[in-house]
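The model is shown here.

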Amino acid sequence: PVSAMSAAVPTAGGAILAAIFAYKSKFPATLFSYHPTLLGIGWLALAPYAIQYVRDSKKATDKKVKEEKVQSHAQINAAIQLCTYGGLFAIYRNKELMAAAKGQVAKHLVSWHGKLGAVSSALLILSAAIAGYKTMFTQKYGLNFIWRDKIHRYLGAASYITAGAAIINIVNGGWGKFNLGGPVGQRAVTAVILVIQNMVLLPFITG
């Protein structure tokens with residue numbers, strides 16, 4: 001199994017934050033609520049386990065065990081991508097509908113939150129594309145699950161960091177001020193996100 005303690009603590013913290021975001025956005029009552037809920041689940045709750053599985057795969061000595069951990073990493077990353085696409089579609093569609101109701105044209109990617117989210121998504125797609133290529137086309141027969149690629153690794157880490165920055169940005173903006181109890185709540189949630197990211201990334205980068 002995946003290293004329980006190393007992944008469980010940041011995952012639990014992320015899951016609690018995702019639940020708070022879902023509750024405060026009244027999920028699933030509004031279209032907008034799918035945006036913070038899905039992205040919270042993907043980047044705060046699931047990402048720590050995805051990264052832990054790939055770390056554990058490097059420590060495994062048995063080929064079958066190594067392949068199983070890499071496949072688990074890929075499956076969780078696929079779930080993160082689905083959460084990301086679903087969350088982005090929700091906010092895109094919500095803005096389109098709100099603008100249309102006012103007879104206006106929707107404006108997308110105008111805030112730092114939106115820009116950071118777009119960059120994170122692009123990095124995620126690039127990292128996944130490299131993984132797909134390495135898995136499907138670097139072995140003569142069958143799929144190759146045991147490969148290493150620094151660009152894939154760095155893109156994934158950069159995507160995770162940028163996603164955290166996007167979440168912190170909105171936490172410290174108007175939405176966070178209104179929904180998280182003002183500056184005290186905003187600082188507390190920001191601190192939790194930073195702790196989670198440090199717990200996940202430091203062993204990954206140095207390991």
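## Two helices side by side

Helix α4 (residues 112-137) packs against helix α5 (residues 150-171) at an angle of about 160°, and their axes lie 8 Å apart. Helices here are DSSP runs (H or I, at least four residues), numbered from the N terminus, and axes are lines fitted to C-alpha atoms over the stretch in contact, with angles from 0 to 180 degrees between N-to-C directions. That is why α4 and α5 are roughly antiparallel to each other (angles over 145 degrees count as such).

The contact (heavy atoms within 4.5 Å) includes Trp112, Leu116 and Ile130 of α4 and Ile151, Leu155 and Ile170 of α5. By class, this contact has 15 nonpolar, nine polar and no charged residues; Asp, Glu, Lys and Arg count as charged, Ala, Val, Leu, Ile, Met, Phe, Trp, Tyr, Cys and Pro as nonpolar, and the others, Gly among them, as polar.

## The largest pocket

The largest pocket is lined by 36 residues, with Val54, His73, Asn77, Trp147 and His152 nearest its centre. Its lining divides into 20 nonpolar, 10 polar and six charged residues. On a 1 Å grid over the protein atoms alone, a pocket is an open set of points where a 1.4 Å probe fits, with protein on both sides within 12 Å along at least five of seven lines; lining residues have an atom within 4 Å of a point.

## About the model

This is a predicted model: local features need pLDDT of at least 70, side-chain atom pairs count only at pLDDT 80 or more, and totals for chains, interfaces and linings use all residues. Residues are numbered from 1 along each chain as its sequence is written, and side-chain values use heavy atoms, leaving out hydrogens and water.

Conventions. Parallel < 35°, antiparallel > 145°, perpendicular 65-115°, else oblique.
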